[in-house]
Amino acid sequence: MTEAGTFARPGLDLRAVPGLVLSELDRGGRGVLVLAVDGLSWLVARRVWRSAELSCLASTFPSTSATAWLTSVTGAPVTEHLTVGAAYRERAGGPLVNAITGDVLAGAAAPREPVRPLPTVFERAEGAEAVVVGRELDLLSGPWVDALTRGAARQPAREALTRDPYRLVAGVAADVGAAIGARRTRPLLLWVYVNLDDHLHRHGYDERAVQALAELERQATAWARRGWHVLAYADHGLVPVASDPGLARRWAEVDTPELCELPGGGAGRVRWLYPHPGREREVAERLAEALDGHAMVLPATALGELGLMESAGPVRERLGAVMAIATSPRFPLPDPGLSYEHGAISDGETLVPLARWVRSSRA
């Protein structure tokens, strides 16, 4: 946060990614390989990736995968694609939905449009063949993954799911090898999902993760030497957290049917509540008292003043009226078993890398 109380961002954010990818395509050559690395922070990438041209990007608010990946392939802010987090009210009076799976979590109404589909970089890549590959994406169906991969062919992953970072990178290399080894008549735009996030949530940026990232760079450098333009970027970083049963209990004492019309939404270190009409102030005051010292509690209407998100129209309907943004590792998490989390506005969560490897990159 700046002294003026607004969120300070780098010059570029994830909305710039489609334009940067298309610019690489325009440079000619065999095509562009994009490594979409889930959970990689700017500080770690800067330390580990030493042969890449590196830039710093800002993630979205909230700094969650459901929101950030959509912005990165559409170039649209949250106010346009409307995926405001991992779990949210689909509309005023509508149900609480899981954005990734499309499942209804609470409420009787059927969802109408939980994710708004928008044109993607894959559709804009005229003259190129767009392909998406990712093990976890193969397991998903529904509006979110459809919106994410719109305009691209789906190449099935060659290896089984794994949380081990080094085995994951080996699988990614096999997937890329299969894609670039196929006979093609047009340049290739290959977007590969690299899910380090599952490991990082439990172990952070440990030696195994760092070794895997170094191996991923070695592969990227080799692809660049073969004439491919290679980019990598991330959706968010992660920071250490600590479970606090007392804070979790105090959250639950406010997130009740008596006070709220739906269970709380959000994910990780950004959560919100849906107070019954007329009880917004009471809920805000009780939550601020419960989380004193561990969260910034504010009305959703204040997000624009902080430079985080304009909360009007459809976005306002999806967000709860009362927001809680973590300011402490002891913020009450939906999953208390995790050791690292994200979603809030610290540098560790919101600053992510954009890496580029070219033939002239340092070895």
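**Notes on the predicted model**

1. Strand 4 and strand 5 (residues 96-98) are paired antiparallel over three bridges, where two strands count as paired if DSSP finds at least two bridges between them, and where helices (H or I, at least four residues) and strands (E, at least two) are DSSP runs numbered from the N terminus. Ala 87 stands opposite Asn 98 of strand 5.

2. On provenance, this is a predicted model, in which local features need pLDDT of at least 70 and side-chain atom pairs count only at pLDDT 80 or more, while totals for chains, interfaces and linings use all residues. Residues are numbered from 1 along each chain as its sequence is written, and side-chain values use heavy atoms, with hydrogens and water left out.

3. The pair in point 1 belongs to an open sheet of three strands in the order 4-5-6, with antiparallel pairing. Its edge strands are strand 4 (87-89) and strand 6 (104-106), each of which pairs on one side only. From one strand to the next the twist averages 35 degrees, with axes taken as lines fitted to C-alpha atoms, for helices over the stretch in contact, and angles running from 0 to 180 degrees between N-to-C directions.

4. A further open sheet has eight strands in the order 1-3-17-10-2-9-7-8, and its pairing is mixed. Strand 1 (12-13) and strand 8 (153-154) each have a single partner strand and stand at the edges, so one side of each is left without a neighbour in the sheet. Helix 3 (residues 65-74) packs on this sheet, touching strand 2 (31-37), strand 9 (188-194) and strand 10 (contact means heavy atoms within 4.5 Å), and its direction makes about 145 degrees with that of strand 10.

5. Val 230 has Trp 357 of strand 17 as its bridge partner.

6. The largest pocket is lined by 33 residues, of which Ser 65, Ile 100, Asp 197, Asp 198 and His 201 lie nearest its centre. On a 1 Å grid over the protein atoms alone, a pocket is an open set of points where a 1.4 Å probe fits, with protein on both sides within 12 Å along at least five of seven lines, and lining residues have an atom within 4 Å of a point. Helix 9 gives the most to this lining, with four residues, and the elements that each supply at least two include helix 3, strand 9 and strand 12 (260-267).

7. Two backbone details deserve a look. The peptide bond from Phe 61 to Pro 62 is cis, with omega near -5 degrees, and Pro 62 is placed in the loop between strand 3 (53-58) and helix 3. Leu 82, which is not a glycine, has a positive phi of about 70 degrees and sits in the loop between helix 4 (78-81) and strand 4. Most residues other than glycine have a negative phi, and most peptide bonds are trans.

8. Overall, the secondary structure comes to 14 helices and 17 strands. Taken along the principal axes, the C-alpha atoms fill a box of roughly 60 × 40 × 40 Å.
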